[in-house]
Amino acid sequence: MEVREAALVALGEELRARGYTFTTVTPETHRRVNARPGAERAHSVRDVFGWSRPLGPGVLEPRLVSLLEEAGALGDCRDGTHRSRVRFSSLGTGLYVHSAWPTSEKDAVFFGPDTYRFCALLRKVPGSFRRVVDLGCGSGAGGLSVAARSEAVVLADLNPLALEFSRVNAKLNNAARVEAVHSDLLRDVSGRFDLIMANPPYLADTDGRTYRDGGGTHGTELSVRIVRESVERLEPGGTLVLYTGAPVVEGEDLLRTALEPVWREAPLSEVRYEELDPDVFGEELEKEPYAGVERIALVALVARRG
């Protein structure tokens, strides 16, 4: 393990030993909370590693500052303060490192409410698995959430920073038999799988950020591609779990419309498509790509190969 990754693991372990926990909210909620009077600077460990607030001298113990420096994750602010370039979030008994707020960089690794809902969905998938792959794994939380009941887990992503954080999170959460692979979905991943999962980017992001932009007119392109390419890589009886967003226009779910011909032609014995939340990221509707879109829904596709 490289020095940077080892420092991040050690930092996470130090935070855990101090009883640190943090539930990560949406970027918009985060912005509102940090805009409150008195929230301009960090006063605690949670302010630094959860709320991503600038810190002055004495806020962090020297050991934590040293580990941040070793990880290359201590950034400078214009006013002479510093800030952590990473955050740590709690999920169940686990602790996960990911990018600091605001996640404005194109290679930012996001963790938030979608991560919690995605892992909750995966908990409902019964059984144990021989081989599992998490496509566009980001922090790796999805794949790692089923690692205890899997013989082997592949965390696949095009983003090198996501793979770095995934390796750290596997070590930090004592997940064995986990491999991080640089791959465009399944292109550089070999073999078949009992469980293929994905929580892909599903928005039309005008800034082109990897973790947000799903491609196509309304951000659905990647989700459709995942279903199309994953079916043939499922073992007989294997399961595909897709958690994503769907633009709705005049009452029509455009993602479902695009996916139906794909799953009808596929060798699937069971397909369940469910709307989990009728309205998320409402602020996106003010942007040009969503002209005519009345809402963005969260949906889950769970399909089983015959």
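**Cores and helix packing**

Modeller: The largest nonpolar core has 34 residues, and Val 132, Leu 195, Met 197 and Val 241 have the most contacts inside it. A nonpolar core is a set of buried Ala, Val, Leu, Ile, Met, Phe, Trp, Tyr and Cys residues joined through side-chain atoms within 4.5 Å; buried means under 20% relative accessible area (1.4 Å probe, protein chains only). This is a predicted model, in which local features need pLDDT of at least 70, side-chain atom pairs count only at pLDDT 80 or more, and totals for chains, interfaces and linings use all residues. Residues are numbered from 1 along each chain as its sequence is written, and side-chain values use heavy atoms, leaving out hydrogens and water.

Biologist: Which residues does Val 241 touch?

Modeller: Contact means heavy atoms within 4.5 Å. Not counting residues up to four places away in sequence, Val 241 touches Leu 121, Leu 122, Val 125, Leu 195, Ile 196, Met 197, Ala 198, Leu 301 and Val 302. Another core, of 32 residues, lies apart from that one and includes Leu 135 and Val 181.

Biologist: Is Ser 230 buried or exposed?

Modeller: Ser 230 is buried, with a relative accessible area of 1%. Leaving aside neighbours within four places in sequence, Ser 230 is in contact with Leu 135, Leu 186, Ile 196 and Leu 240.

Biologist: At what angle do the axes of helix 1 and helix 4 cross?

Modeller: Axes are lines fitted to C-alpha atoms, for helices over the stretch in contact, and angles run from 0 to 180 degrees between N-to-C directions. Helices are DSSP runs (H or I, at least four residues), numbered from the N terminus. The axes of helix 1 (residues 3–17) and helix 4 (residues 62–70) come within 8 Å and cross at roughly 155°. That makes the two helices roughly antiparallel, a term for angles over 145 degrees.

Notes:
Parallel < 35°, antiparallel > 145°, perpendicular 65-115°, else oblique. Buried < 20%, exposed > 50% of the residue type's maximum accessible area, 1.4 Å probe, protein only.
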